[in-house]
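Trainee: I'd like to learn how to read the features of a model like this one. Could you walk me through it, starting with the rings?

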Amino acid sequence: MRDFFKFFFKPTFFLKSKFPLLSFIASRVFTMLILLFMLGWAMFALMALAPGDIVDKMMSEQLLTASSSAKPSSSTDSKAFSDEQLAKVRAELDLDKPFTVQYFRWLKRVFIEHDLGVSLISRAPVAFLIKSRLINSLILNLISLVFITVFSFLLGVYFSSKAGEKLDIAVTFFALFFHAFPGILLLILFQVFASFTGLFPVKAYPDFPIEQAPLKFVFSYGYHVFLPLLASFLGGVGGTLRTIRSTMLDQLGLPYIMALRARGISERKIFLSHAFRNTLNPYITGSANLLAGLFSGSLVLEIIFSYPGIGRLMYEAVMQQDVNLVLANSMFISALVLIGMLISDILLAVVDPRIRYGRE
């Protein structure tokens, strides 16, 4: 039996010894697929356990519309009509099947037919809805991530050299304050500020498409998203700045820094070429969590500032119990987070030569 397993897993051990990073990536991709499978099954289960379903909502709205536009009929006829329509629509949408059967049918449609289905509310293709909203969310979150990264490194490295001074204490205090400040309350305060002063729009997206005037759209987009980006920046820069500053201070107190100073190497080179490089490890490790936090935080941002992103689309789909749209949204966001974690692991091996996956 031992020889059988050794023979069966021999290609795996060969790949791990010859191509350790490739073997690590393959194992992580396999793990990601398992996690996504379990997540999709859990989402179907939660939607099935929720009281009522999308058919109840659709038929209730249809009956309310009919009763307001025509003469009300008897309650018995309305109930009979409602029950008949409920059964028919559920059969058409396969909602009368157990949620496990629905999930495996969805997987078959996605991987074999390459079709995410249609929204049960708008009847529009799910892929089209996600594509239009996902681009908006990616642009917003990537801009926020770039600003947070750049300013966190610049301020963290600078104030690590000014540790203990009054300005350093003040910046550290405000960074901790905004890091602990509730993000939703900060967004609401900015919304109230924009509404009362009129200096900024209360909506975070221009009222005209980019095809109409591309250059004007870019400037208008920056003007509309300034307050939401500022709220996201203030909430995210605090924790990252403190992490980089504390890591720099730890590095500057290590013996190798003292040895470099004893050799007469300039402080600028010590900061930028030696200590700074070692601060990249904790940031790269936490960058995937930071991206996930930005996407989860953008849900509240998109709702408050009426931004047409995937977070708002997810909220609307959950409220309307649109199973196809909820599942596709959650799978896309989860896949982005898992891919971000995989990229951060690969970057760690690139930045730090001490990390070698798969080698003893």
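This is a predicted model: local features need pLDDT of at least 70, side-chain atom pairs count only at pLDDT 80 or more; totals for chains, interfaces and linings use all residues.

Trainee: How many aromatic pairs does a search of the whole structure find?

Mentor: The search gives 17 aromatic pairs. Take tyrosine 158 and phenylalanine 159: their ring centres are 5.1 Å apart and their planes stand at 80 degrees, so this pair is edge-to-face.

Trainee: And is phenylalanine 159 buried or exposed?

Mentor: Phenylalanine 159 counts as buried, at 6% relative accessibility. Tyrosine 158 is partly exposed, with 43%.

Trainee: Which residues do ring pairs link into a cluster?

Mentor: Look at Tyr205, Phe208, Phe217, Tyr221 and Tyr307; ring pairs join them into a cluster.

Trainee: Let's turn to salt bridges. What is the general idea?

Mentor: Side chains of opposite charge can pair when their charged atoms come close. The cut-off here is a side-chain nitrogen of Lys or Arg within 4 Å of a carboxyl oxygen of Asp or Glu. By that rule the structure has two salt bridges.

Trainee: Which side chain does aspartate 168 meet in a salt bridge?

Mentor: Aspartate 168 meets arginine 245, at 2.8 Å from N to O. Aspartate 168 belongs to helix H8 (residues 166–180) and arginine 245 to helix H11 (residues 226–252), so the bridge ties together parts that are 77 residues apart in sequence. Both aspartate 168 and arginine 245 are buried.

Trainee: What about lysine 203, which side chain does it meet?

Mentor: Lysine 203 forms its salt bridge with aspartate 207, at 3.8 Å from N to O. Lysine 203 is partly exposed at 38% relative accessibility, and aspartate 207 is exposed at 69%.

Trainee: Next, cavities. How many of 30 Å³ or more does the structure hold?

Mentor: A cavity is a set of points where a 1.4 Å probe fits but cannot get out. The structure holds one of 30 Å³ or more. The largest cavity has a volume of about 40 Å³.

Trainee: Which residues line the largest cavity?

Mentor: Its lining is made up of Met43, Phe44, Met47, Val323, Val326 and Leu327. Helix H3 (20–49) and helix H16 (323–351) each supply at least two residues of that lining. By class, the lining has six nonpolar residues, with no polar and no charged ones.

Trainee: How many residues apart in sequence are asparagine 324 and serine 119?

Mentor: They are 205 residues apart in sequence, with 6.1 Å from C-alpha to C-alpha. Asparagine 324 lies in helix H16 and is buried, with a relative accessible area of 13%.

Trainee: Last topic: backbone angles. What should I expect of phi?

Mentor: Most residues other than glycine have a negative phi. Serine 306 has a positive value, near 55 degrees.

Trainee: Where is serine 306 found?

Mentor: Serine 306 is in the loop between helix H14 (280–304) and helix H15 (310–320). This serine is partly exposed, with a relative accessible area of 26%.

Note on methods: Residues are numbered from 1 along each chain as its sequence is written. Side-chain values use heavy atoms; hydrogens and water are left out. Rings of Phe, Tyr and Trp (its six-membered ring) pair if their centres lie within 6.5 Å; planes under 30 degrees apart count as stacked, over 60 as edge-to-face and the rest as tilted. Buried means under 20% relative accessible area, exposed over 50%, partly exposed in between (1.4 Å probe, protein chains only). Helices (H or I, at least four residues) and strands (E, at least two) are DSSP runs, numbered from the N terminus. On a 1 Å grid over the protein atoms alone, a cavity is a set of points where a 1.4 Å probe fits but cannot get out, and a pocket is an open set with protein on both sides within 12 Å along at least five of seven lines; lining residues have an atom within 4 Å of a point. Grid points are joined across faces, edges and corners, and a volume is the space filled by probe spheres set on the points. Ala, Val, Leu, Ile, Met, Phe, Trp, Tyr, Cys and Pro count as nonpolar, Asp, Glu, Lys and Arg as charged, and the others, Gly among them, as polar.
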